Amino acid sequence: MEMKRHATRSLISQHAPRMSHQYNTYQQEGVDSYGSYGEGGGGYDYQADYPSQEEDAASDVTEGHDEEDQMYEGEYQGIPHPDEVKAAQRAARAKARGAGSVISELEELSQQYEEIMEDCGHGKFQWTLFIVLGLALMADGVECFVVSFALPSAEKDLCLSNADKGMLGLIVFLSMMAGAFLWGGLADKVGRRRCLLVALAINCVFAFLSSFAQGYGFFLFFRLLSGIGIGGTVPIVYSYFSEFLQMDKRGEHLSWLCMFWMVGGIYASFTAWGIIPRYGWGFSMGTEFQFHSWRVFILVAALPAIASLVGLTFMPESPRFLLENAKHDEAWMILKQVHDTNWRAKGQPEKVFTVTHIKAPKTAEDEFIEIQSATGTPVQRWAVRSLTLCKLVLRNVASLLSAELRFATLFMAIIWFCMAFSYYGLSVWFPDMIKHLQYEENLPQPHVLSCYCPM
């Protein structure tokens, strides 16, 4: 019945302009157009009592009109619908593959993977992963400020000299640099999620231990290992998150993820302001163990890393990484999970994941590891796997200096060096400079004596 009413209204709307044109023509020929009911001035105006047929037809057509029947708002300006753009891109990629153009297995996998992520959509799964990885990036931002905020109070408890404080600030950044090199290389061969879990766990454990360290040597050692853990967060977080995003969403959401770095700085500043001046929050056990408020601040600063570590245990491995390492079945299950999670949250649980086959290239390195690790004692198998893994990581790093990537690597290194030097250099130098200026202001001014020497 509803479909019949809708068809009737559509028919009326199509014929309404033609009926109005015939009605006006009939008036011009001098025929009475039923302008009033009855004779003389005592009748009732017909047009005043009832709306015109054109207005009535238009109101009937628009009444109860569903949003699904409305036209795409950019269609009037000739702007194609986003679904049409994606369909055209897929057709172009399929045409290129059908034309017999020579592409590598990885390029073919990349094209197929983009189409699969478009089918999975963007929704609840990506936003959940966004929060979890944002907390990991926030933990990285917090750790960069922990030592600088804790030093004014820690230098009294640990009896730090100026050289000790400088070494403490230096060792944190050196360990972060080593951690970025280590975890960035391992993530391409071991897995994004696995490396990120281990890096966050290392940061949490040694940050916790550093808050209880009573001597300078132990505190320096624990902060060194904590920095190695947190240094792997930045390179893994961005690659891990980008492999769950469509191409048209990637730049936007990666930029939003950067906000958590600043949120980490704000979190560290507010917690330091609220905790460190509260000297009554600490306790002591004789003269051997002192736990003051700056140690409480170090514990609170590790909370974002702990929260991210817990959330990451419920997240899957990157399907793109699994496909590049010839793990087709695991990747398919994860992609189906992403697809079902997004479309259920959008109210379309009946939408089916239609991907049945994903081409996953098998590399010679994987075959070599499988053959070598299947023989010998457990210790020999572990040694072969570790040695092969180290060789693959070093080969990955050496590829950055190849002819194709040499200039891009150099330019990116210069850009990152300048950014880090200007940001961290000023943040480390300014507190000491301000302290030096305050010290000079408090010095007694020498009296200037003037004397007259006659010629």
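What follows goes from the annotated spans to the helix contacts, and then to the pocket and the cavity. Bear in mind that this is a predicted model.

Start with what the record says. An unreviewed UniProt entry puts the feature "transmembrane region" at residues 127-151, 166-183, 195-213, 219-241, 253-276, 296-315 and 405-426. Two of these spans are worth a look in the model. Residues 127-151 are 100% helix and 0% strand, with 37 Å between the C-alpha atoms at the two ends.

Now find helix H6, which runs over residues 124-157, and follow it to where it meets helix H16, residues 328-345. The two axes come within 7 Å and cross at roughly 105°. Angles from 65 to 115 degrees count as roughly perpendicular, so that is how H6 lies relative to H16. On the H6 side, the contact is made by Lys124, Phe125 and Gln126, while H16 brings Gln337, Val338, Thr341, Asn342 and Ala345. By class, this contact has three nonpolar residues, four polar ones and one charged.

For a contact with another geometry, go to H9 (216-231) and H10 (233-242). Their axes come within 6 Å and cross at roughly 20°. An angle under 35 degrees counts as roughly parallel, and therefore H9 is roughly parallel to H10. Here Gly229, Ile230 and Gly231 of H9 meet Thr233, Val234 and Pro235 of H10. The contact of H9 with H10 splits into three nonpolar and three polar residues, with no charged ones.

H19 supplies the largest share, eleven residues.

How many cavities of 30 Å³ or more does the structure hold? There is one, and the largest cavity contains about 30 Å³ of space. Its lining is made up of Glu143, Val172, Met176, Arg223, Ser226, Gly227 and Ile230. Two elements, H7 (162-187) and H9, each give two or more residues to it. H9 gives the most, with four residues. Sorted by class, the cavity lining has three nonpolar, two polar and two charged residues. Ile230 is a handy landmark to end on: this residue of H9 touches H10 and also lines the largest cavity.

Technical notes:
Residues numbered from 1 in each chain as written. Predicted model: local features only at pLDDT ≥ 70, side-chain atom pairs only at ≥ 80, totals over all residues. Heavy atoms only, no water. 1 Å grid on protein atoms, 1.4 Å probe; cavity = no way out; pocket = protein on both sides within 12 Å on 5 of 7 lines; lining within 4 Å. Points joined across faces, edges and corners; volume = space filled by probe spheres on them. Nonpolar A, V, L, I, M, F, W, Y, C, P; charged D, E, K, R; others polar. UniProt positions renumbered as here; feature names shortened; annotations may be inferred. Axes fitted to C-alpha atoms, helices over the stretch in contact; angles between N-to-C directions. Parallel < 35°, antiparallel > 145°, perpendicular 65-115°, else oblique. Contact = heavy atoms within 4.5 Å.
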